Amino acid sequence: MAQQSLIDTFKRAGQGQVFAFFDRLDAAQQQRLLEEAAEIDLAEIDRLTRTLLAKGAAAGVNLEGLAPAPYEPLPENGGNAADWSAARAAGEEALRAGRVAAFTVAGGQGTRLGYNGPKGTFPVTPLKQKTLFQVFAEKLRAAGQRYGKPLHWFIMTSHQNHAATEAFFEEHKFFGLDRGRVHFFRQGRMPAVDFEGRILLETPGSLALSPDGHGGSLRALDRSGALELMKSEGVDVLSYFQVDNPLVRCIDPAFIGWHLNRGSEMSSKMVPKAYPEEKLGHFCVQNGRLVVVEYSDLPMAMQKETDASGKLRYIAGSIAIHVLDREFIRRMARAGSDLALPFHRADKKIPTVDAKGEAVKPEKPNGVKFEMFVFDALPFAKNPVVIETRRADDFSPVKNAEGVDSPKTSREDQLRQYTRWLRENGAQVDTDSTGLPSVTFEVSPLFGYDEASFADSWKKLSPKPEIRDGLYLE
């Protein structure tokens with residue numbers, strides 16, 4: 001009865017094609033298709049068809065009233081040193097009280113890197129070739145030890161990599177973390193549709209499903225029970241970062257403190273754009289609300305605008321590092337369509353089947369995928385704050401196999417960071433003009449995961465080691 005009821009519901013919604021080949025399928029294939037169909041919110045698909053696929057709905061982003069967003073500059077760039085100090089103190093107090101957890105969006109595969117596996121299992125460090133997951137695990141272990149409270153870590157996987165991610169952590173004994181504090185859950189999925197809003201089949205027995213974007217992380221946190229777990233553990237602040245950035249300060253007390261001291265529901269980090277064409281979203285203000293405008297949506301003429309001092313006007317680049325309040329996440333996850341995160345359409349070439357059930361590989365876009373972006377929550381947040389961070393301390397993602405944002409550039413940035421820390425503490429290190437050392441060595445996050453923790457560990461070392469090829473500090 002339940003099976004027929006589901007099929008009838010799809011037919012009444014004009015989506016009966018989903019079950020066009022149902023009678024051809026064996027029992028296991030039928031069960032899979034029914035389970036996939038049960039994931040679909042047909043009312044949501046109908047709404048998206050009306051709002052995003054209707055004639056004229058694909059118009060560009062509204063730029064009316066747009067202006068650069070204010071942000072809190074670092075002290076060396078004119079920021080208030082006392083405010084930064086107070087923020088750090090407030091963040092450290094929250095960490096000691098156990099109010100903070102970490103959240104990694106880790107649904108991706110390493111395909112663009114030519115790597116077969118979850119992206120978090122990709123090796124990134126210059127000497128030990130530690131994986132992204134190990135780097136983050138050690139940073140969180142070290143922060144837990146420093147503040148006397150082990151941290152919960154929430155990791156959002158995808159249907160594609162969930163089992164492999166869990167197996168990887170089991171194989172590596174959770175990198176020394178308490179496995180009861182590491183929580184995996186899957187990202188939601190959305191069906192692809194044709195340009196009339198009809199749900200596409202990938203095969204006669206499966207839907208063309210894809211992840212619902214990093215904005216879907218807010219719904220997934222709620223649906224997985226993560227928010228209730230946070231509440232029961234006294235956690236009300238979540239530190240959000242993406243899996244591809246080994247340099248990120250997973251736990252940054254100053255950032256957490258700015259968020260708390262401002263009474264913010266969602267806060268973000270920015271780096272000054274290096275040049276107008278850099279592919280970063282822009283923090284802007286529109287109608288009194290903080291928004292992020294993607295680089296592809298802001299006309300190049302605006303991206304090149306400068307102020308009286310010659311600096312870029314739209315300088316605040318988004319690097320996907322946020323702090324969010326637990327109850328704000330819950331509110332956004334359960335909001336009605338008028339307050340929920342908007343979906344964006346992406347026209348794609350989607351493998352599907354024809355009327356006979358034969359495979360079709362299109363040569364041009366034949367349908368639409370829907371996804372949400374987490375930064376679209378910012379306009380709904382009370383007192384959102386944007387703070388400046390040093391690119392060299394927080395941002396060197398691994399996205400491409402070669403060139404910019406590649407494993408090579410990220411390893412070099414890690415080496416530059418270790419070298420800066422050493423020099424700040426009186427060590428002699430030979431470098432080239434970019435700060436890259438002439439030798440390859442590595443600092444474990446368990447020795448130092450930021451300037452302060454490194455300085456504390458370095459002071460305790462006696463005698464000080466020679467900075468040479470192969471040196472490993474842990």
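Is arginine 219 buried or exposed? Arginine 219 is buried, at a relative accessible area of 13%, where buried means under 20%, exposed over 50% and partly exposed anything in between (1.4 Å probe, protein chains only). Before going further, some ground rules: the model is predicted, so local features need pLDDT of at least 70 and side-chain atom pairs count only at pLDDT 80 or more, while totals for chains, interfaces and linings use all residues. Residues are numbered from 1 along each chain as its sequence is written, and side-chain values use heavy atoms, with hydrogens and water left out.

Back to arginine 219, which sits in helix 7 (residues 216–223). Helices here are DSSP runs of H or I with at least four residues, strands are runs of E with at least two, and both are numbered from the N terminus. Setting aside neighbours within four places in sequence, arginine 219 touches Glu44, Met190, Asp212, Ala333, Phe343 and Met372, with contact meaning heavy atoms within 4.5 Å.

Now hop over to strand 18 (residues 385–388), which is covered on both faces. Val385 and Ile387 are buried on one side, and Val386 and Glu388 are buried on the other. Strand 18 pairs with strand 10 (residues 266–272) in the parallel sense over four bridges; two strands pair if DSSP finds at least two bridges between them. Within this pairing, serine 268 stands opposite valine 386.

Serine 264 is buried, with a relative accessible area of 2%. Its side chain makes a polar contact with the side chain of serine 267 at 2.9 Å, and also reaches the backbone oxygen of asparagine 383 at 3.1 Å. A polar contact is a pair of N or O atoms within 3.5 Å; within protein, one must be able to donate a hydrogen and the other to accept it, and residues adjacent in sequence count only if both atoms are side-chain atoms. Beyond four places in sequence, the contacts of serine 264 are His259, Asp325, Lys382, Asn383, Pro384 and Val385.

Another loop residue worth a click is asparagine 400, between helix 12 (391–394) and helix 13. Asparagine 400 and leucine 113 are 287 residues apart in sequence, yet 5.5 Å apart in space, C-alpha to C-alpha. The side chain of asparagine 400 also makes a polar contact with the side chain of arginine 112 at 2.6 Å.

Grid points are joined across faces, edges and corners, and a volume is the space filled by probe spheres set on the points. There is one cavity of 30 Å³ or more, and the largest cavity holds about 140 Å³. Its lining counts 18 residues, with Lys139, Gln417, Tyr418, Val443 and Pro445 nearest the centre. Helix 5 (132–147), helix 13 (407–424) and strand 19 (442–443) each give two or more residues to that lining, and helix 13 has the largest share with four. By class, the cavity lining divides into eight nonpolar, five polar and five charged residues; Ala, Val, Leu, Ile, Met, Phe, Trp, Tyr, Cys and Pro count as nonpolar, Asp, Glu, Lys and Arg as charged, and the others, Gly among them, as polar.

The second largest pocket has about 340 Å³ of space. Of its 19 lining residues, Arg88, Arg249, Ala254, Arg390 and Glu451 are closest to the centre. Helix 4 (81–96), strand 18, helix 13 and helix 14 (451–460) each supply two or more. This lining has seven nonpolar, three polar and nine charged residues.

Lysine 173 has a positive phi of about 50° although it is not a glycine, and phenylalanine 174 has one near 55°. Lysine 173 is exposed at 64% relative accessible area, whereas phenylalanine 174 is buried at 5%. The peptide bond from serine 462 to proline 463 is cis, with omega near -5°.

Conventions. 1 Å grid on protein atoms, 1.4 Å probe; cavity = no way out; pocket = protein on both sides within 12 Å on 5 of 7 lines; lining within 4 Å.
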